[in-house]
Amino acid sequence: MSLNLFNLHNYSTMLNGARELGYSFICFDQINGNHDNKKKKCLLRHDVDSDVSAALKIANIEYHLGIKSTFF
C-alpha cells in the first residue's frame, strides 16, 4: 500500500475543503500589520526546484479554483 497520498485530485479537494471552511488565499504582498486577524487566511507557497511542468499543473488547478499562491 502506498502512503503517498499527494496527487492533483487530492490537492484540488484539499483546496476546496479549505475554502469551504472559510479560508481566503492571499499572496505575500497582502501581508501587512492592518489585516483582520479574525478572518482565516492561507498563504500558499511552492518551491519549484526541478519540475516546472508539475508546477504548471498545480498553477492551473489553482487558477481554475480562483486561488492565489506564490511560486519560488
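Predicted model: local features only at pLDDT ≥ 70, side-chain atom pairs only at ≥ 80, totals over all residues.
**Glu62 and its surroundings**

Good morning. Setting aside neighbours within four places in sequence, Glu62 is in contact with Tyr11, Leu15, Leu44, His46, Ile67, Ser69 and Phe71.

Glu62 belongs to helix H2, which covers residues 52-65. In general, side chains of opposite charge can pair when their charged atoms come close. For a salt bridge, the nitrogen and the carboxyl oxygen must be within 4 Å.

Let me turn to the packing of the helices. Two packed helices are described by the angle between their axes and the distance between the axes. Here, the axes of helix H1, residues 8-20, and of H2 come within 11 Å and cross at roughly 35°. The crossing of H1 past H2 is right-handed. On the H1 side, the contact is made by Leu8, Tyr11, Ser12, Leu15, Asn16 and Arg19. On the H2 side, Lys57, Ile58, Ile61, Glu62 and Leu65 contribute. Sorted by class, this contact has 6 nonpolar, 2 polar and 3 charged residues.

How many salt bridges does a search of the whole structure find? The search finds 1. It joins the side chains of Arg45 and Asp47, at 2.5 Å from N to O. Arg45 is partly exposed, with a relative accessible area of 44%. Asp47 is likewise partly exposed, at 48%.

Is Ala55 buried or exposed? Its relative accessibility is 12%, so Ala55 counts as buried, the limit being under 20%. Beyond four places in sequence, Ala55 is in contact with Val48 and Phe71. Phe71 is also among the contacts of Glu62.

Finally, I move to a loop. Gln30 sits between strand E1, residues 24-26, and strand E2, residues 41-43. With 33% relative accessibility, Gln30 is partly exposed. Outside its sequence neighbours within four places, Gln30 is in contact with Phe25 and Lys68. Its C-alpha atom is separated by 9.5 Å from that of Leu43, which is 13 residues apart from Gln30 along the chain.

Thank you for your attention.

Note on methods. Residues numbered from 1 in each chain as written. Heavy atoms only, no water. Helix = DSSP H or I, 4+ residues; strand = E, 2+ residues; numbered from the N terminus. Contact = heavy atoms within 4.5 Å. Axes fitted to C-alpha atoms, helices over the stretch in contact; angles between N-to-C directions. Left-handed = near helix turned anticlockwise from the far one by under 90°. Nonpolar A, V, L, I, M, F, W, Y, C, P; charged D, E, K, R; others polar. Buried < 20%, exposed > 50% of the residue type's maximum accessible area, 1.4 Å probe, protein only.
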